[in-house]
Amino acid sequence: MIAWPPKAAPRIQPIGAERSAECAAIHAASFLHPWQEADFEQLFVGPGTVADGAIEEKEERLAGFIISRIAADEAEILTLAVAPNWRRRGVATQLLAPHLAALAVNRASSIFLEVEAENAAALALYANFGFEKVGERKSYYRAAGAEPKPALVMRRVLL
Ligand SMILES: CC(C)(COP(=O)(O)OP(=O)(O)OC[C@H]1O[C@@H](n2cnc3c(N)ncnc32)[C@H](O)[C@@H]1OP(=O)(O)O)[C@@H](O)C(=O)NCCC(=O)NCCS
């Protein structure tokens with residue numbers, strides 16, 4: 001599916017704490033349990049963090065981001081989100097390719113992530129990148145007044 005109207009593809013680059021407020025805004029538009037700006041600030045300065053952002057060229061705004069953490073030879077994708085007005089334009093795909101390469105350069109041999117079992121968009125995206133289901137956590141995502149939802153644990157072997 002092609003999103004319309006067309007927009008110039010954002011450029012992908014490593015990001016740091018200076019983008020915390022924008023990450024928090026996109027996260028809040030993407031998840032039921034938003035992370036605060038201070039959460040992102042802490043994450044960016046933590047050990048083993050690798051973060052990439054998609055920057056739209058016109059106003060230098062963040063269109064999406066991905067943040068992982070490496071410990072020993074394993075990496076975990078902690079969060080990935082694209083601003084609603086940028087979805088279905090290939091931004092997550094553009095983010096993931098160089099991000100996985102950066103994790104490999106930083107000696108991660110396998111990458112894990114957790115994703116809500118009903119998140120069809122994310123599941124299709126991760127399948128495109130060779131992630132496979134290796135486990136399931138029942139009642140992982142909890143929202144007030146709603147049934148707890150299971151999460152899938154997915155892995156991609158890099159090396
Ligand atoms: C999941 C998410 C990151 C995808 O970002 P995106 O930039 O729209 O993804 P892309 O345009 O690169 O799409 C890549 C592929 O993912 C799949 N996909 C993306 N959105 C989809 C949707 N709404 N429904 C079904 N498949 C979808 C498709 O296979 C798509 O390929 P195609 O466009 O050739 O069909 C975005 O929808 C988002 O931020 N969602 C909320 C946060 C979230 O769920 N994050 C991941 C949790 S771990």
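These legends describe close-up views of one predicted model. Residues are numbered from 1 along each chain as its sequence is written, and side-chain values use heavy atoms, with hydrogens and water left out. In this predicted model, local features need pLDDT of at least 70 and side-chain atom pairs count only at pLDDT 80 or more, while totals for chains, interfaces and linings use all residues.

**View 1. The shell around the ligand.** The ligand is surrounded by 20 residues, each with a heavy atom within 4 Å of it. Leu80, Arg88, Gly90, Thr93 and Asn119 are the closest. By class, 11 are nonpolar, 5 polar and 4 charged. Here Ala, Val, Leu, Ile, Met, Phe, Trp, Tyr, Cys and Pro count as nonpolar, Asp, Glu, Lys and Arg as charged, and the others, Gly among them, as polar.

View 2. A polar contact here is a pair of N or O atoms within 3.5 Å. The side chain of Asn119 places an N or O atom 2.7 Å from a ligand oxygen. For Ala92, a backbone N or O atom lies 2.9 Å from an oxygen of the ligand. A polar backbone atom of Val91 is 3.5 Å from a ligand oxygen. The elements giving two or more residues to the shell are β4 (74-82), α3 (91-105) and α4 (120-128). Helices (H or I, at least four residues) and strands (E, at least two) are DSSP runs, numbered from the N terminus. The largest share of the shell, 6 residues, comes from α4.

**View 3. Lining of the second largest pocket.** Among the lining residues are Lys7, Glu22, Glu56, Arg61 and Trp86. Two or more lining residues come from each of α1 (20-28) and β3 (61-71). The lining has 6 nonpolar, 1 polar and 4 charged residues.

**View 4. An aromatic pair, Phe40 and Phe65.** The ring centres are 5.6 Å apart and the planes stand at 90 degrees, so the pair is edge-to-face. Rings pair if their centres lie within 6.5 Å, and planes over 60 degrees apart count as edge-to-face. Phe40 sits in helix α2 (residues 37-45) and Phe65 in strand β3, 25 residues apart.

How values were computed
Polar contact = N/O pair within 3.5 Å; in protein donor to acceptor, adjacent residues only side chain to side chain. 1 Å grid on protein atoms, 1.4 Å probe; cavity = no way out; pocket = protein on both sides within 12 Å on 5 of 7 lines; lining within 4 Å. Phe/Tyr/Trp six-rings, centres within 6.5 Å; stacked < 30°, edge-to-face > 60°.
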